Amino acid sequence: GPCTECSCSSGKEPDKDPSHTKKKENGDPLCVPKIFFGTRTHKQITQISRELKRTAYSCVPMTILSSRDYTCIHPVVSNSSNRNEMCVELLEGKHGKSCSYYHGVHKLSEHHTQQPVYQAWDIEDLVSLGRKLRACPYFAARELMVGADIVFCPYNYLLDPQIRDSMDIKLKDQIVILDEAHNIEDCARESVSYGVSESQLRAAREELDFMVSNSIRQKHHEPLQAVCCSLI
């Protein structure tokens, strides 16, 4: 029989609106959800993006969210052990220097959005193009998320609330697919865990001892002091 979603079911003329934007019953535009595809490792993202190229959906707008460890191309920052901190310092211009690659982000994002036929890509493709255009792949991938239908990323980008906020990932009313989801429990545990050394605990206890002995917010500091002592 005739389908129920298009004009053939009622014999009406086809919709002349080129955008074919569907609307809810109350008249508000219906938002098409994004697909967030989470994997355990960056290597798996590369494998999945390559498989996407082989399907009929290789032309669907997509992006890959990854860390600066994989996408930073700044000659100094990329060879540093604390890429995140150095990147932030450059963006804030703390030492009177800035990142020219960051200011060229639009070149990279526009290159993908203006392609006549959109093709799936992986991190290596984006980094290679970023070097060619002297544009930052890390921030370009984040910009491409706005128009992407599929967003690939590691598990923790979806599970860790701090990373979600920093990446501006909104999961409400979106589709989330988790590959090899039996690893989710460990990833979730890591997202809310924090490691401290014994020397850090001893330093914290000394400061808390000082606070308590000087009657500074004792009801707040005494429980913390007890926790430090028990852990030590």
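Modeller: Here is a run through some of the labels, with the criteria behind them.

Modeller: This is a predicted model, where local features need pLDDT of at least 70, side-chain atom pairs count only at pLDDT 80 or more, and totals for chains, interfaces and linings use all residues. Residues are numbered from 1 along each chain as its sequence is written, and side-chain values use heavy atoms, with hydrogens and water left out.

Colleague: What makes up the secondary structure of the protein chain?

Modeller: There are 11 helices and 4 strands. Those are DSSP runs numbered from the N terminus (helices: H or I, at least four residues; strands: E, at least two).

Colleague: How do you know what share of the contacts is between residues 24 or more positions apart?

Modeller: A contact means heavy atoms within 4.5 Å. Taking the contacts in the protein chain with a separation of 6 or more, 70% are between residues 24 or more positions apart.

Colleague: Why is Phe139 called buried?

Modeller: The cut-offs are under 20% relative accessible area for buried, over 50% for exposed, and partly exposed in between (1.4 Å probe, protein chains only). Phe139 has 14%, so buried is the label. Phe139 is in helix H6, and beyond its neighbours within four places in sequence it is in contact with Arg68, Cys87, Leu91, Tyr102 and Val105. Phe139 and Leu65 are 74 residues apart in sequence, yet 9.1 Å apart in space, C-alpha to C-alpha. Over the protein chain, 34% of the 232 residues are buried.

Colleague: What makes the buried residues of H9 lie on the same side?

Modeller: In H9 (residues 184-191), the buried ones are Ile184, Cys187 and Ser191. They cover an arc of only 65° around the axis, so they sit on the same side of H9. The arc is that of the directions from the helix axis to the C-beta atoms. An α-helix has 3.6 residues a turn, so residues three or four places apart point the same way. The face turned away from the buried side carries the exposed Glu185 and Glu190. Cover for the buried residues includes helix H7 (155-159) and strand S4 (175-178).

Colleague: Glu180 and Asn183 are both in the loop between S4 and H9. Why is Glu180 called partly exposed?

Modeller: Glu180 has a relative accessible area of 31%, so it counts as partly exposed. Its phi is positive, about 55°, although it is not a glycine.

Colleague: And why is Asn183 buried or exposed?

Modeller: Asn183 is at 18% relative accessibility, so it counts as buried. Leaving aside neighbours within four places in sequence, Asn183 is in contact with Arg40 and Tyr155.

Colleague: What makes Asp168 partly exposed?

Modeller: Its relative accessibility is 48%, so Asp168 counts as partly exposed. Asp168 is in the loop between helix H8 (161-167) and S4, with a positive phi of about 60° although it is not a glycine.
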